Amino acid sequence: MYKEERKEIIKSALKLVKYDIVRLSAGNLSIKCGNQGQHIVITPSGMDYEEINEKDLIVLNMKDKEVVEGFRRPSVDIDALIHIYENMSEVNAIIHTHQVYATCLGVVFDKLPSVVTTLANATGGEVAVAPFSSAASLEMGKETVSNIGDKKAVVLKNHGVITVGKTMKEALYSAVYLEDAAKVFCIAMTLGKPALLTEEQTREAAEIFKTYGQEKA
Ligand SMILES: [Zn+2]
């Protein structure tokens, strides 16, 4: 089941490794599937991304977490992820990471301001920092839903990052460009007071991104 979604998850996981957004087995990737969005395809618990393949992914029922297909144990964050899918109907894909720069900002600040156009493009602008929630907790999902607003990312204090998207590609871009923006902001802070984008500049940058790239044939 869900061959294309499985491929998409493996491909995206390897990109996250390549860009140093995830290391070893940390975090997870999942996609909502099925004609009624009744299933989730998700990465397994505690397996290195570079060593997993499509057969290692697990298909679960959204409702009761029952495994529909797969022989691995799913990510321990499954309760939080289901909570996000159930409360954010527009979300079809979620990535959870422990990316260093965004997490670093989260232990010092209460938000990552809109500091570069790529952040505006990928997340919609300023990214909030949610209060602490631990791995494997439902709280992680609740804090995400309460704090993410209309953006595609939220930082979980002392923990990591959740990014979401209508597609896995959106969640992937959000994670990668959030990390770039966080890195720019961290380094800029060591040099002086960073200039931030205005609301209008952020909006314009997000608008331009809608027509960015190649049109589908
Ligand atoms: Zn985590």
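1. A helix axis is a line fitted to C-alpha atoms over the stretch in contact, and angles run from 0 to 180 degrees between N-to-C directions. Helices (H or I, at least four residues) and strands (E, at least two) are DSSP runs, numbered from the N terminus. With that in hand, let us start with two helices: the axes of helix 1 (residues 3–18) and helix 6 (residues 168–191) come within 11 Å and cross at roughly 10°. This makes helix 1 roughly parallel to helix 6, a label for angles under 35 degrees. On the helix 1 side the contact (C-beta atoms, placed from the backbone, within 7 Å) is made by Glu8, Ile9, Ser12, Lys15 and Leu16. Helix 6 brings Met168, Leu172 and Ala175 to the contact.

2. A word on reading the model. It is predicted, so local features need pLDDT of at least 70 and side-chain atom pairs count only at pLDDT 80 or more, while totals for chains, interfaces and linings use all residues. Residues are numbered from 1 along each chain as its sequence is written.

3. Nine strands form an open sheet with mixed pairing, in the order 4-3-2-1-5-9-8-7-6; two strands pair if DSSP finds at least two bridges between them. Which strands lie at the edges? They are strand 4 (67–69) and strand 6 (111–112), each of which pairs on one side only.

4. Helix 2 (residues 78–87) packs on this sheet. Helix 2 touches strand 1 (28–33), strand 2 (39–42), strand 3 (58–61), strand 5 (93–97) and strand 9 (160–165). The direction of helix 2 makes about 135° with that of strand 2. The buried residues of helix 2 (20 or more other C-beta atoms within 10 Å; 12 or fewer is exposed, and in between is partly exposed) are Ile78, Ala80, Leu81, Ile82, Ile84 and Tyr85. What covers these buried residues includes strand 1, strand 2, strand 3, strand 5 and strand 9, along with helix 5 (139–147).

5. Strand 8 runs parallel to strand 7 (residues 127–130), and two bridges join them. Ala130 stands opposite Leu156, and the bridge partner of Val129 is Val155. Between these strands the chain passes through helix 5, and this β-α-β crossover from strand 7 to strand 8 is right-handed (clockwise from the first strand over the helix to the second, with the strands pointing away from the viewer).

6. Towards strand 9 the pairing of strand 8 is antiparallel, with four bridges. Here Val155 stands opposite Val161. The hairpin of strand 8 and strand 9 has three residues between the strands. One of the residues in that loop is Asn158, whose phi is near 55°, a positive value in a residue other than glycine. Asn158 counts as partly exposed because 13 C-beta neighbours lie inside 10 Å.

7. Asp20 also deserves a look. Asp20 sits in the loop between helix 1 and strand 1 and has a positive phi of about 60°, although it is not a glycine. Asp20 counts as exposed because it has 12 other C-beta atoms within 10 Å.

8. Tyr49 is found in the loop between strand 2 and strand 3. Why does Tyr49 count as buried? The reason is that 23 other C-beta atoms lie within 10 Å. Leaving aside neighbours within four places in sequence, Tyr49 is in contact with Ala13, Leu14, Val17, Val22 and Ser25. Tyr49 and Val59 are ten residues apart along the chain, and their C-alpha atoms are separated by 17 Å.

9. Gly124 lies in the loop between helix 4 (117–123) and strand 7. Gly124 counts as buried because 21 C-beta neighbours lie inside 10 Å. Leaving aside neighbours within four places in sequence, Gly124 is in contact with Asp150, Lys151, Lys152 and Ala206. From Gly124 to Ile9, 115 residues apart along the chain, the C-alpha atoms are separated by 23 Å.

Notes:
Two residues are in contact if their C-beta atoms, placed from the backbone, lie within 7 Å. Angles under 35 degrees count as roughly parallel, over 145 as roughly antiparallel, 65 to 115 as roughly perpendicular and the rest as oblique.
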